[in-house]
Amino acid sequence: LRTATYFFIFLNLSLAVFEEPAVYPLPFLVTSLVEVLCLLVFFGRLTHFAKVTLRNVFWKDTKNICIMVAILLCLTDLAIYGILRIYNVKSIRWSRIVRPIFLINFAESRQIRRAFRSIRNTLPEITYVFLLFMFSLLMFSLMALKLFGERNLQTAEGLPYFKNYLEIVFDLYVLVTTANSPDVMMPAFDFSSWYALFFIAFVIINTYIFMSLFLAVVYNNYKKHLKVMFGGVNCD
């Protein structure tokens, strides 16, 4: 039963690869039948839990409630999507975000729940570092708007460079991740090499300091909660 549960959870999560918009699209009838089969297996597994568990214990367990609600949401979304598809009305499968609930809440997924609980307990403690990073990003974006916004610079595609504040925030966030970072900096550098100082200061403060600090806080707090959860066992 445990192997079967894992298999159908994996199959249910894999449907996102084959449903529209999909990497390898399959007919809607095929994916919907597979999803209904998975939901029937989950419901059967839940019924089995109910048979071997005291009724008051079963209904007090939030994991069982979450699984039932997830099954109902998935069936409702599938029915609505199918009806709209018959009338050629375009819609989306919003229940996809519900599917990981099955992975977390079945009794077989105890270790996954522990890891998830550690992540959940870690989030409030990293909020201050995240807010400080966002404040730095917003301030640098404001400085970039004042520095470059009135110089009529253009990107390599001929688009206005650093004219819109929200677009600047996104571009500087891309620069923090070091993805396509030359594309963010080169229009300003081509105008004046002195502007490189702005981006050097930004990268040092946000990429090398804040990102390292953020990673350290996440790791230390996650390890602390994981150690408490396992009763003081060394988690290194």
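Select residues 1-16, which the unreviewed UniProt entry lists as "signal peptide"; UniProt positions follow the numbering used here, feature names are shortened, and annotations may be inferred rather than shown by experiment. In this predicted model, local features need pLDDT of at least 70 and side-chain atom pairs count only at pLDDT 80 or more, while totals for chains, interfaces and linings use all residues. Residues are numbered from 1 along each chain as its sequence is written, and side-chain values use heavy atoms, with hydrogens and water left out.

Residues 1-16 are 81% helix and 0% strand, with 24 Å between the end C-alpha atoms. Helices (H or I, at least four residues) and strands (E, at least two) are DSSP runs, numbered from the N terminus.

Next, show the peptide bond between E20 and P21. This bond is cis, with omega about -15°. P21 sits in the loop between α1 (2-14) and α2.

Move on to L37, in helix α2 (residues 28-52). L37 counts as partly exposed because its relative accessibility is 43%; buried means under 20% relative accessible area, exposed over 50%, and partly exposed in between (1.4 Å probe, protein chains only).

Now zoom out and color by secondary structure. The protein has nine helices and zero strands, so its radius of gyration of 25 Å, well over the 18 Å that the globule rule gives for 236 residues, makes it more spread out than a compact globule. The radius is taken over C-alpha atoms, and the globule rule is 2.2 Å times the number of residues to the power 0.38. Along the principal axes, the C-alpha atoms fill a box of roughly 75 × 55 × 25 Å.

Select residues 6-224, where UniProt places "domain: Ion transport" (unreviewed entry). This span is 74% helix and 0% strand, and its end C-alpha atoms are 29 Å apart. The UniProt annotation "transmembrane region" (unreviewed entry) covers several spans, among them 65-84 and 126-145. Residues 65-84 are 100% helix and 0% strand, with end C-alpha atoms 29 Å apart. Residues 126-145 are likewise 100% helix and 0% strand, and 29 Å separates the end C-alpha atoms.

Go to N88, in the loop between α4 (62-86) and α5 (100-105). Phi of N88 is near 60°, a positive value in a residue other than glycine. N88 is exposed, with a relative accessible area of 72%.

Then pick F130 in helix α6 (residues 110-148). At 39% relative accessibility, F130 is partly exposed. Draw a distance from F130 to L213: the two are 83 residues apart in sequence and 9.8 Å apart in space, C-alpha to C-alpha.

The next stop is F162, in the loop between α6 and α7 (165-176). F162 is not a glycine, yet its phi is positive, about 55°. With 4% relative accessibility, F162 counts as buried.

Finish with the whole chain as a surface. The accessible surface comes to about 15,100 Å², of which 70% belongs to carbon and sulfur atoms; areas come from the Shrake-Rupley method with a 1.4 Å probe, and for residues only the protein chains shown count as cover. Buried residues make up 32% of the 236 residues. Among contacts (heavy atoms within 4.5 Å) with a separation of 6 or more, 65% are between residues 24 or more positions apart.
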